[in-house]
Amino acid sequence: MKKYRILLVLFSIVLIFMTGCAGSGSGASSSDGKVTITFMNWAGGGEKASLERAVEAFNKTHSDIYVKQEFVTGDYDTKINSLLAAGDPPDVAYVYEYNTMAWGEKGILEDLQPYFEKSKDVSMDDFIPGVLFNNKGKTWGAGIGPETMVLFYNKELFKDAGMAPPSADPHHPWTWDQFVNAAKKLTVDVNGKHPSDAAFNADRIKTYGAMIPIGFNTLDPLLRSNDGGYVSSDGKTIELNSPDSLEVLQKVADLSFKDHVAPIPKKASTLPDAPIMVQNKQLGMYISGNYDNATFGENGYQPGYAAIPMFKKPSNIAWAAGFSMFQGSKHKKAAWEFMEYMLNPKNIKSMYSDSVWIPTKKSWYTDKEKLKLWTGNSRHSGNYNKVVLPTMLDNIAQLPDTVTIKNFNDMQKYFDDATGKLFDGNGKTSAEKAIKTLDTDKIKQLLDGAYK
Amino acid sequence: MTKIEKKNLAWGYLFIAPAIIGLTLFIVAPMIFSFIISFTDWDMITSFKWIGLTNYQTIFTDDIDFWNSIKVTFIFAIVQVPCVQIFSFLLANLLNSKVKGVSIFRTLFYIPSILPFVAVAILWMFIYNPDFGLLNQFLGFFHIPPQDWLVSNKLVIPSLVIMAMWMGGGAMIISLAGLQGVPNYLYEAVEMDGGGRIHKFWYVTVPMMSPIIFFNAVMNLIGVMQAFNEAYIMTQGGPDKHTYFYLYMIYQAAFKEGHMGYASALAWILFVILVIVTLLVFRFSRNLIYYEAEVK
């Protein structure tokens, strides 16, 4: 008998452990009758402060709902994947734009269409294109923070060099050659020599003329501008190996390796952040998302704004991360009430006036009163409106492949591997040679058309 | 079995229960689970898809990173382990000598190994910075041109090895403990025979310490084959995948790309590699190690 008693003790210990591990589900109602919903996001810095204000305002005006924010720093996908695997997803969360459609189809996200139809506050019509994640009559998310690419520059450097600043008109941006020529004039080494001088020392550059931070967001619009791209818009063929695409990749690489006007890409991580470099006159111009304008604003610095340069035609991308509800949510009504609040730009106005994001609603670009609400401040002075408004309203900005192409997130690894051979090396590998290593078989297996 | 023996047995089981349960729940069970999912296509979200050996087949024949990761991990291990072991062993010998303030030196050399790795990594990223880093400034005094350290294909592994040597206090402290156990009469015997310092070191210290050196080296080897933090914090696998270590590849596959089944297969391959490498090390070192208590 004694033997069994030991087993019994062991067994009960195991049970205690296991119940301890199982944990409790999310979305519990607290004792005072309030429904608690979790809102998970990756906000940091100014975005975090703005979000906190907005959520606090919501909590104050809604006596029956309490929104708990979870700010995840670092690997967001890792965190959310683990929560999903554990069966404990948040109620509402940011979802990376490359995941939103796929997760919707996998049955993780809630279709927002019925909620929109019933809503009095927000309608689906007024959104700028690309903010809603629509596919086959379902809506898997609605962005609240669109972004587009802008050419930022240091105004003084241009003035000192006696040069006209880059074109702010997105219909007629600088051509790539104009961009490179200006960069050459702005680039100076520690001895004051330019790349055109024989004594120029490319290892000791004091001011870089230009920088294209290598990544999907910078390369995609440039590729499109030369009728190239990663994959065709129907998501059926690879385009990164087309001559048009190769030309763009080679010219971007040439900035660093041939013209010596840009930092070597793999060394960029050892340099200060680009906005700081521009402010310190270490960098003349660079392409980045409009979110960098918030960083400039926080640092109290006023950069110049221009349209990103073009190859054959003006082009840009605009996208927003998904703002989505999870099917696992136990309080969908409350979750939608919160989403509805956040989807009204008025309620999160400071996000737009602080220049973290640009608004989601068309009327906020066209209606003068509303426009004033977010651009009538020092962070949107100079050419800001001239650059951003036509980009967003006149179809210059298109949805990036990350949003429209099925399985693009899985393909990106292979694209990065090939482009890495061009950009991460010492400039000895040509674009043609680098892209020849592209694992086209793998990508072809993943090609499965486009959403919509 | 007497009654007392039985009772003792019962208490014995009870006392080892927490360890056994912990091992089962947190190590054995996940291992079994990962072995099973290594035969599936699982993205952690939707349900498992049984695909048999496909993951393993893809890894060996059709993975763009696998062979490169194996290569760079082995290169790192082959360079790192001897450098760290020789350095920390010599350092232990120095710190075993009778000089004033030796305990201060011991503390100073031991501190790096107990610092959080992230803090150390950030510190060395500053030291290695090509433009304003401490090391390039220092080399500048000797008119040595600035080096790219962590962003250079050739220098990235040596850079990480130098950092690992700086952090080698753990092996050092074990060696130091061992050195204090080497009996003095052996050194006296060398003196009697007219041997000098080098003889003492080579014919007494090294043989007597060989089990400890071996232990340190094996632990170091297993650790370095699982190098992750360096790649994750300092290099992101770069430049040009020269530090795309095996564990970092597993992490990317599991959490960045969401292929948990595939990543589990990769992890099991690493497990097998580690077992083989450790067995080989044991085999080849058999004649190099002197165990005092061993009966041949």
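1. Domain 1 of chain A and domain 2 of chain A bury about 650 Å² between them, with 55% of that area on carbon and sulfur atoms; buried area is the accessible area (1.4 Å probe) that two parts lose on being put together, summed over both. Helices are DSSP runs (H or I, at least four residues), numbered from the N terminus.

2. The model is predicted: local features need pLDDT of at least 70, side-chain atom pairs count only at pLDDT 80 or more, and totals for chains, interfaces and linings use all residues. Residues are numbered from 1 along each chain as its sequence is written, and side-chain values use heavy atoms, without hydrogens and water.

3. Across the interface of the two domains of chain A the rule finds zero salt bridges, a salt bridge being a side-chain nitrogen of Lys or Arg within 4 Å of a carboxyl oxygen of Asp or Glu.

4. Between chains A and B, about 2,900 Å² is buried, 61% of it on carbon and sulfur atoms. The contact (heavy atoms within 4.5 Å) joins 33 residues of chain A to 32 residues of chain B.

5. Six salt bridges are counted between chain A and chain B. In one salt bridge, Asp417(A) pairs with Lys241(B), their closest N and O atoms lying 2.8 Å apart. Helices H1 (2–22), H3 (76–85) and H18 (408–423) of chain A each give two or more residues to the side that touches chain B, and H1(A) provides the largest share, eight residues.

Technical notes: Chains lettered and ligands numbered in written order.
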